[in-house]
Amino acid sequence: MAEQSSDSIARIKATMMQDDGTKHIFVVMGASGDLAKKKIYPTLWWLYKDGLLPKNTTIVGYARSVLTITDLRKKCEPFMKLKDETPDNLKKVDPFFSANRYVKGSYTEDSAFEQLNSVLESLEGGDPCNRLFYLALPPSVFKPVTSHIKSSCMGKKGWTRVIVEKPFGRDLQSSNELSEHLGGLYTEDQLYRIDHYLGKEMVQNLLILRFGNRIFGPIWNRDSIASVMISFKEPFGTQGRGGYFDDFGIIRDVMQNHLLQVLCLAAMEKPATTNAEDIRNEKVKVLKTIEALELKDVVLGQYVGDPDGEGDAKEGYLEDPTVPRGSVTPTYAMAVFRIKNERWDGVPFILRCGKALNERKAEVRIQFNDVPGDIFGGGTKRNELVVRVQPNEAVYCKMMTKSPGMSFNPEETELDLTYGSRYKGLKMPDAYERLILDVFCGSQIHFVRSDELREAWRIFTPLLHKIENEKPKPIEYKYGSRGPVEADELAKAHNFTFTGTYKWKNPNL
């Protein structure tokens, strides 16, 4: 967790440290899987060693595998960043795993969940206790597991909360079916649909930047903004996980959830308060004004190997042995969204995401209109406000200034807030840390509501069905490139100007 805590985190920590006798049990459903060992257990450890878990918390792993706590520890420790810990924190590793239990059981049998409940009741000892269930599971077992939790494992003397991991369905129909199933079992305040992107520092910072600064209010609209680009780029391919990826594709994997959530925060109106329901109400209003995507507004790509590249770069998507032969699943997508409201009518929101690209980057790029009445002979470039989500969190504004010296030429530069420079010594909390802590505290600000999910699938489902039925061949792009040239052409046609003349320089280097 951060070495320099905010006042709000300090208050949360103080609350968590209070020993009011209430116990907590955090149940990791799917404890033997990759998500559990790479994210959930490491996150619980980070919260534990920083004193942000309630004092009386027991962690119970549940899966079909035969495991001991020693086995679990061996699986998780490589992802717990122990080499970066202080000697005092390393002394807490043994107590952390001492607070763990493991139960082997089926995801579909009544008796298995009755046995799990018996273990939970023995840990409670008749005392008040809150139960959290994290579903680190494949979607195929969401329904039986949530049904069995409801019938056999609800807390008797405390609240019960269920955290559901994406994907929340594959299209509008399957998502609605899942929502109806969950809604028939739990109230909305018991459900936490987690999208880890909403836990990232700079995504959360969008609300403060927009609504906490007078300078942005008057220009955050169609009168000043030409276009908005929201990007997610990865410099690696499927790396042997093509079987999983091919079943979902880049649109379901990244765009329909992560990037659309960022779009909502960038485009929504000012909420009445910072309460969860007020913020989520405004996000839903934005989604309702977005038309369903059409194929003409999308560029789909699939990476091929670079013969001159090194290592994995030589192999294309179809050369991954885990990818079905002849697959036309896109590994790159760019889509243009139109928001039909007074603030944004006519401003394209362009979302792009892809694998095997030229860099690792996630950012929001607000591009402003050209300066009217240019007196510099075309030497000026558009102003841009950039919120860099990862890596090297930063907010910077690209602007024009006079080049130093005797000349009188305009030059691109920036007003720069780079977190690593401004906040030296600050260790950013992981997104899962924030979100799991939110569940303990009962805050749903950064979780997805059912109507929000429904609107998101409404926007994407016609496009996804068209791609699956017609199987358009994606455009090939070379591993390590910027993606298909056609994507740059689509962005240009929708008022986004890429000059390539400016490069952000990381001041930490």
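Visitor: What should the 13 residues of helix H11 span, and how far apart are its end C-alpha atoms?
Guide: Helix H11 (residues 276-288) should span 18 Å at 1.5 Å a residue, and its end C-alpha atoms are 18 Å apart, which agrees. The expected span is 1.5 Å times one less than the number of residues. Helices (H or I, at least four residues) and strands (E, at least two) are DSSP runs, numbered from the N terminus.

Visitor: Where do these values come from?
Guide: This is a predicted model, where local features need pLDDT of at least 70 and side-chain atom pairs count only at pLDDT 80 or more, while totals for chains, interfaces and linings use all residues. Residues are numbered from 1 along each chain as its sequence is written, and side-chain values use heavy atoms, with hydrogens and water left out.

Visitor: Which residues of H11 are buried?
Guide: Ala276, Ile279, Arg280, Glu282, Lys283, Val284, Val286 and Leu287. Buried means under 20% relative accessible area, exposed over 50%, and partly exposed in between (1.4 Å probe, protein chains only).

Visitor: What does Gln261 touch?
Guide: Gln261 touches Asp195, Leu198, Lys283, Val448 and Glu452, not counting residues up to four places away in sequence. Contact means heavy atoms within 4.5 Å. Gln261 sits in helix H10 (residues 242-267). Its side chain makes a polar contact of 2.9 Å with that of Glu452. That term means N or O atoms within 3.5 Å; within protein, one must be able to donate a hydrogen and the other to accept it, and residues adjacent in sequence count only if both atoms are side-chain atoms.

Visitor: Is Gln261 buried or exposed?
Guide: Buried, because its relative accessible area is 7%.

Visitor: Now salt bridges. How many are there?
Guide: The count is 31 salt bridges. The rule is a side-chain nitrogen of Lys or Arg within 4 Å of a carboxyl oxygen of Asp or Glu.

Visitor: What does Glu277 pair with?
Guide: Glu277 bridges to Arg449, with the closest N and O atoms 2.5 Å apart. The pair links distant parts of the chain, 172 residues apart: Glu277 is in H11, and Arg449 is in the loop between strand E15 (447-448) and helix H14 (450-470). Glu277 is partly exposed at 36%. Arg449 is buried at 9%.

Visitor: And what does Asp297 meet in a salt bridge?
Guide: Arg338, at 2.9 Å, N to O. Asp297 lies in the loop between H11 and strand E8 (298-304) and Arg338 in strand E9 (residues 332-338), so the pair ties together parts that are 41 residues apart in sequence.

Visitor: Which residues are linked in a network of salt bridges?
Guide: Lys233, Glu359, Lys361, Glu363, Arg365, Glu384 and Lys398.

Visitor: Switching to backbone geometry. Where is there a cis peptide bond?
Guide: Gln390 and Pro391 are joined by one, with omega about -15°. Pro391 is in the loop between strand E12 (384-390) and E13. Most peptide bonds are trans, and most residues other than glycine have a negative phi.

Visitor: What is the phi of Lys471?
Guide: Positive, about 50°, although Lys471 is not a glycine. Lys471 lies in the loop between H14 and strand E16 (475-478). Lys471 counts as exposed because its relative accessible area is 53%. Asn495 also has a positive phi, about 70°.

Visitor: Last one. Which residues form a nonpolar patch on the surface?
Guide: Ile375, Phe376 and Phe408, with about 390 Å² of accessible area together. Patches take residues with over 30% relative accessible area and no salt bridge; like charges are joined within 9 Å, nonpolar side chains (Val, Leu, Ile, Met, Phe, Trp, Tyr) within 5 Å. Areas come from the Shrake-Rupley method with a 1.4 Å probe; for residues, only the protein chains shown count as cover. Phe408 is exposed at 65%.
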